[in-house]
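Try each one on the model before reading on.

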2 protein chains.
Amino acid sequence: MLDEIAARRAACTDSFHGNGLTTTADMVATIGADVEADTYGDGGVVADLEKEIAELLGKPAAVYLPSGTMAQPATLRVHADTRSSRTVLWHPYCHLARHELEAYAQLHGLVGRAVGEQSRLITLADLEAVAEPAAALLLELPQRDLGGQMPSLDDLFAQVSWARDRNMAAHLDGARLWEASAGYHRSPAEIAQFFDTVYVSFYKGVGALPGCCVAGPEDVIAQVKEWRRRLGGTLYGLWPGAASARNKLTGALAEMPARMDHALAIAKAVEDVPGVRTVPAVPQAPMMHFLLSVSAGRYAENAKELAEADKFWVWPKAMETEDPDVVRVELAVGSATLRHDPAEVANILARLIA
Amino acid sequence: MLDEIAARRAACTDSFHGNGLTTTADMVATIGADVEADTYGDGGVVADLEKEIAELLGKPAAVYLPSGTMAQPATLRVHADTRSSRTVLWHPYCHLARHELEAYAQLHGLVGRAVGEQSRLITLADLEAVAEPAAALLLELPQRDLGGQMPSLDDLFAQVSWARDRNMAAHLDGARLWEASAGYHRSPAEIAQFFDTVYVSFYKGVGALPGCCVAGPEDVIAQVKEWRRRLGGTLYGLWPGAASARNKLTGALAEMPARMDHALAIAKAVEDVPGVRTVPAVPQAPMMHFLLSVSAGRYAENAKELAEADKFWVWPKAMETEDPDVVRVELAVGSATLRHDPAEVANILARLIA
């Protein structure tokens, strides 16, 4: 099944999803020439990237790690290790709660407490209902599984202030901070300033090889670096991913405002397509979800048809919803999306529900 | 200091150490063309490599991971999770005890019990002195920090039998199993058969990008794969390291017998150099340590002189010993070593103690 889908994808020539149909050769090319190697994460291009990210986020220090699943639980445990609680407050859709096989609990002895409702963003009232002295509040901007919704900056300030007033660390899951920055019309540093620690990713909107950074105070980052070693992330050389990130980041950041405008234009174009709704109705970052009035089986057939007949690649399977006649897909607006007119995107969506 | 040494190394044109002065461009080239990507570790070249390694080691299954520091504690904890003990028996020089910031204890709740003496290999008598019901016995072949010494195959069989008779898992730290294979004149599978689980590495003697595999029973490997995800090692794409390993492994394995012969010839040539001793006196694998009768400071000056005047790269610093007039260095015999006559190696060593 996996191989069949991979083969179908490999035969496609076009896509509007994210940064498009990149090949492994494309990705290797992002490493670039004349890379200066690190030694077990020290020196070379890894140190250069860490310095660049710390500056970009307005933090004293940053550390490069292979993955967010390694980075975020380690960062949260460092916060907990200097506080009286192992509890972290997060949204029910938090990546740590849903996609990491409970690593936060199994490896780091943390307790995740979901606050608020799965169907909407966290509010200050949700936080005020919490009595226990938690170690940290984790917020994800934009909230991916809600189609990229974000609180107003005033709400954001109120929530992190609530946490900090209670000696909790405020941690940002900024897997898509670059996108949040475009949505808020604020620099990454202006958003990062609300938080003690900030996680950012390089392989999603940026389009580099897998890798990420955590930025924050010197003493916290030094501890995260120790956990990176314990977790097996301080490889003999981390330079391929770090070089790739450095080479791709500037271009991706420069493109984010255009991606935001394009997201808004796509949502507008889709308004006229019966059976397609956008979540949120007006995108708040360069991404959105579509609710498509079609069964999961019919959707998959249409996607296969589009791939085989038109060599056009879309999501091979849609996420099911509580309504058997409605499925959900996620559009990350990237450099490939920019190459497609909003009307073209709307047409493709119409074909997927036919 | 780090940057100064890196710059001096970069200016050198020759070396006899391991696989030599590879550049980052050389390493990127090992990935090769037309690589089939995995998705979060599933499919593509990662699956191909895992199949190849399982067959090579004669095990039902194998899993690819980014690093040994991730792989080995995870494997040992899987053994402990199905037994009544969290204790692992290992040599005082075990990598987990010395170089991983106690990850085995901090992340996996394991207790490491060193058996035997630091200065020599584990013996059956050392094991027979253990009363507690441990979860696993870890053996490292060859024992790197003893210059690559290995027990006889009879001793090895007796030790793993002792462990298995007591319901302990036998785990091989085979970071240099390829080298052990050449030293024993046995195939990797013939050595692996003694063990329940086997860790092998690709970036040392093989000369690929960082990465490793653990091979063993299906149910154990499936659990190690879950821990890989929790530890943050199931990256969106693991294909660069896996492709590099596949491309380099066959050539490195084919070269191992020649590396073994060369190690023996070097030890022979060094016999005539006053102030240089080889540990062990007769190499047991394609590696050895040299005890050099020189102070650490004088050694470093000589190494710097060799790099700057001759553009010849050797260890920039030597390990100190209990004797202030003797230092220790480790020679990994690799493809670069093969390009240098044993007499030439002996001459360089003589200059380093001058």
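Before the exercises, one definition: an axis here is a line fitted to C-alpha atoms, for helices over the stretch in contact, and angles run from 0 to 180 degrees between N-to-C directions. Please keep in mind that this is a predicted model.

**Exercise 1.** Describe how helix α12 (residues 239-270) of chain A and helix α15 (residues 342-352) of chain A pack.

Solution. Start with the geometry: the axes of α12(A) and α15(A) come within 8 Å and cross at roughly 50°. Next, classify the angle: angles under 35 degrees count as roughly parallel and 65 to 115 as roughly perpendicular. The two helices, α12(A) and α15(A), are therefore oblique to each other. The crossing in which α12(A) passes α15(A) is right-handed. Now list the residues: α12(A) contributes His262(A), Ala265(A), Ile266(A), Ala269(A) and Val270(A), while α15(A) contributes Pro342(A), Ala343(A), Val345(A), Ala346(A) and Leu349(A). Sorted by class, this contact has nine nonpolar residues, one polar and no charged.

**Exercise 2.** Work out the packing of helix α4 (residues 68-81) of chain A on helix α11 (residues 218-230) of chain A.

Solution. The axes lie 9 Å apart, and the packing angle is about 125°. That makes α4(A) oblique to α11(A). As for handedness, α4(A) passes α11(A) in a right-handed crossing. The α4(A) residues in this contact include Met70(A), Ala74(A) and Val78(A), and those of α11(A) include Val220(A), Val224(A) and Trp227(A). By class, the contact of α4(A) with α11(A) splits into six nonpolar, three polar and three charged residues.

**Exercise 3.** What area do domain 1 and domain 2 of chain A bury between them?

Solution. First set the bounds: domain 1 covers 2-21 + 254-352, and domain 2 covers 24-250. Their centres, taken over C-alpha atoms, are separated by 27 Å. Counting contacts, 17 residues of domain 1 touch 19 residues of domain 2. The buried area is about 1300 Å², with 53% of it on carbon and sulfur atoms. In domain 1, Met256(A), Gln284(A) and Met287(A) lose the most area to domain 2, together 39% of what that side buries.

**Exercise 4.** How many residues of chain B are in contact with chain A?

Solution. The count is 36 residues of chain B against 36 residues of chain A. The area buried between the chains is about 3200 Å², and carbon and sulfur atoms give 67% of that. Within chain B, Leu101(B), Leu107(B) and Arg230(B) lose the most area to chain A, together 21% of what that side buries.

**Exercise 5.** Where in chain A does the cis peptide bond between Leu141(A) and Pro142(A) lie?

Solution. The bond has omega of about -15°. Pro142(A) sits in the loop between β5 (136-140) and α8 (153-165) of chain A.

Technical notes
Residues are numbered from 1 along each chain as its sequence is written. Chains are lettered from A and ligands numbered from 1 in the order in which they are written. This is a predicted model: local features need pLDDT of at least 70, side-chain atom pairs count only at pLDDT 80 or more; totals for chains, interfaces and linings use all residues. Side-chain values use heavy atoms; hydrogens and water are left out. Helices (H or I, at least four residues) and strands (E, at least two) are DSSP runs, numbered from the N terminus. Angles under 35 degrees count as roughly parallel, over 145 as roughly antiparallel, 65 to 115 as roughly perpendicular and the rest as oblique. A crossing is left-handed if the near helix is turned anticlockwise from the far one by less than a right angle, and right-handed if clockwise. Contact means heavy atoms within 4.5 Å. Ala, Val, Leu, Ile, Met, Phe, Trp, Tyr, Cys and Pro count as nonpolar, Asp, Glu, Lys and Arg as charged, and the others, Gly among them, as polar. Domain bounds come from an automatic or database domain assignment. Buried area is the accessible area (1.4 Å probe) that two parts lose on being put together, summed over both.
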